[in-house]
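Here are a few notes to read alongside the model. Take them one at a time, and keep the 3D view open as you go.

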Amino acid sequence: MNADRFRVLVSGVLIVGVVVSATLVAFGLATALLVGWGGSLSGAAPDGTAVTAFAGMGANLAALRPVGFAQLGLVALLATPVARVAASVAAFLLEGDHLYTAITAVVLLILLASLFLLR
Amino acid sequence: MTLGADIGIFAISLLAGVVGALAGVGGGILVVPALTMLFGVDIRLAIGASIVSVIATSSGAAAAYVRDGMTDMRVGMFLELATTTGAVSGALLAAAVAPAALYVLLGLVLLFSAAQQAFRLGEELPPVAGASPLAARMRLVGSYPDARLGRDVPYAAQRVPLGFVMMLGAGVVSGLLGIGSGALKVLAMDGAMRLPMKVSSATSNFMIGVTAAASAGIYLGRGDVDPTLAAPVALGVLAGAMAGARILPRLSNRSVRLVFLPVLLAVGAQTLLRGLGVGV
């Protein structure tokens, strides 16, 4: 893999992450102006869950609540750096750079461990 | 938040994104005081929004920096070993240490570094030097296209162990205090490793998202991320960072230093104040 394709792959992952998260967040913000953050586009009953409780994201999405779209967009945003590191592992591997494949894989492991172990 | 407040937060976040993309920092320096002082937001939620701001600056700016060859991805990945390890250690230590003294210490370190930076304000490119054996083995050498100078500028990392240790510190600080880690990264690459300023800023931008992501799960789980605040912050910062990333390649390294120095002073002062119990 040449250096140009390497850069296109890594920056492509970042662009996709940014576009997906910005679209979801913007949709959440726009619909919140219409029905309120905890309101529902499908007319579902409001619930008393705090907007900061990301555990309620699935239920919020199912009820088409603006807060649910914003939550999903923010999760996509927070996941983008992780996806970027994963893409870098693949890119270094395709380039045949074993040293940096190993370094990047260790960074990915630390990152995943921190996300799932540190609560 | 009302529509007016959303627009205000979006506008400030837009500015934070531009400045963050140019200076290689996350924009919390503007977002946190604006949310607490102008919009009366609780400091805890303001810091949660600033984590979102850091990741938005990083991804928004790095998409362009990586494509344009401004980011040194090997330097970034090598140093991310240090920052992610540091960030996890910092988060684990958080319960055991008193943060007030650390805020004061970090604030003083940043202000002292600002004095050093002031002496380098006129420097366009670091002195040309060969790669150390370690830098050569780790391939921490490269070149970046300088649109301003109209040529590719080669560089080789100096004092790699010092840079690595500073990055470990930047990671610990990020996990422990959640502030100042972008500024420390730029200082490690520019001051210690003597990479060109634009490469230091672009590579710091590339890295800060990963360091922040390492502790983002904690903030999310604690309920510190309020989507009603974070939504206008994320949109404003993303737009600002993408704009800033288009500006940086055309600036001289000296101009980037002129943006970085006041940011460094402000982050230092903000950190010191937080240590003294003033939440800004």
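Predicted model: local features only at pLDDT ≥ 70, side-chain atom pairs only at ≥ 80, totals over all residues.

1. Let's begin with the core. The largest nonpolar core has 133 residues, and the members that touch the most others in it are Val52(B), Ile55(B), Ala234(B) and Val263(B). Helix α3 of chain B, residues 43–67, gives this core its largest share, with 15 residues.

2. Which residues is Ala234(B) in contact with, once neighbours within four places in sequence are left aside? From chain A there are Val25(A), Leu74(A) and Leu77(A), and from chain B there are Val52(B) and Ala56(B).

3. Now look at where the two chains meet. Chain B puts 44 residues into the contact and chain A puts in 42. On the side of chain B that touches chain A, at least two residues each come from α1 (3–23), α3, α4 (73–93), α9 (197–222) and α10 (227–247) of chain B. The largest share of that side, 11 residues, belongs to α4(B).

4. The axes of helix α4 of chain A (residues 98–117) and α9(B) come within 6 Å and cross at roughly 25°. Angles under 35 degrees count as roughly parallel, so α4(A) is roughly parallel to α9(B). The crossing of α4(A) and α9(B) is left-handed. Leu111(A), Ser114(A) and Leu115(A) of α4(A) meet Val210(B), Ala213(B), Ala214(B) and Gly217(B) of α9(B). In this contact of α4(A) with α9(B), five residues are nonpolar, two are polar and none is charged.

5. The other pair sits inside chain B. For α9(B) and helix α11 of chain B (residues 253–275), the axes come within 8 Å and cross at roughly 50°, and α9(B) and α11(B) are therefore oblique to each other. Here Met197(B), Lys198(B) and Ser201(B) in α9(B) meet Asn253(B), Val256(B) and Arg257(B) in α11(B). The residues of this contact of α9(B) with α11(B) are two nonpolar, two polar and two charged.

Definitions and conventions: Residues numbered from 1 in each chain as written. Chains lettered and ligands numbered in written order. Core = buried A, V, L, I, M, F, W, Y, C linked by C-beta atoms within 7 Å. Buried ≥ 20, exposed ≤ 12 C-beta atoms within 10 Å, placed from the backbone. Helix = DSSP H or I, 4+ residues; strand = E, 2+ residues; numbered from the N terminus. Contact = placed C-beta atoms within 7 Å. Axes fitted to C-alpha atoms, helices over the stretch in contact; angles between N-to-C directions. Parallel < 35°, antiparallel > 145°, perpendicular 65-115°, else oblique. Nonpolar A, V, L, I, M, F, W, Y, C, P; charged D, E, K, R; others polar. Left-handed = near helix turned anticlockwise from the far one by under 90°.
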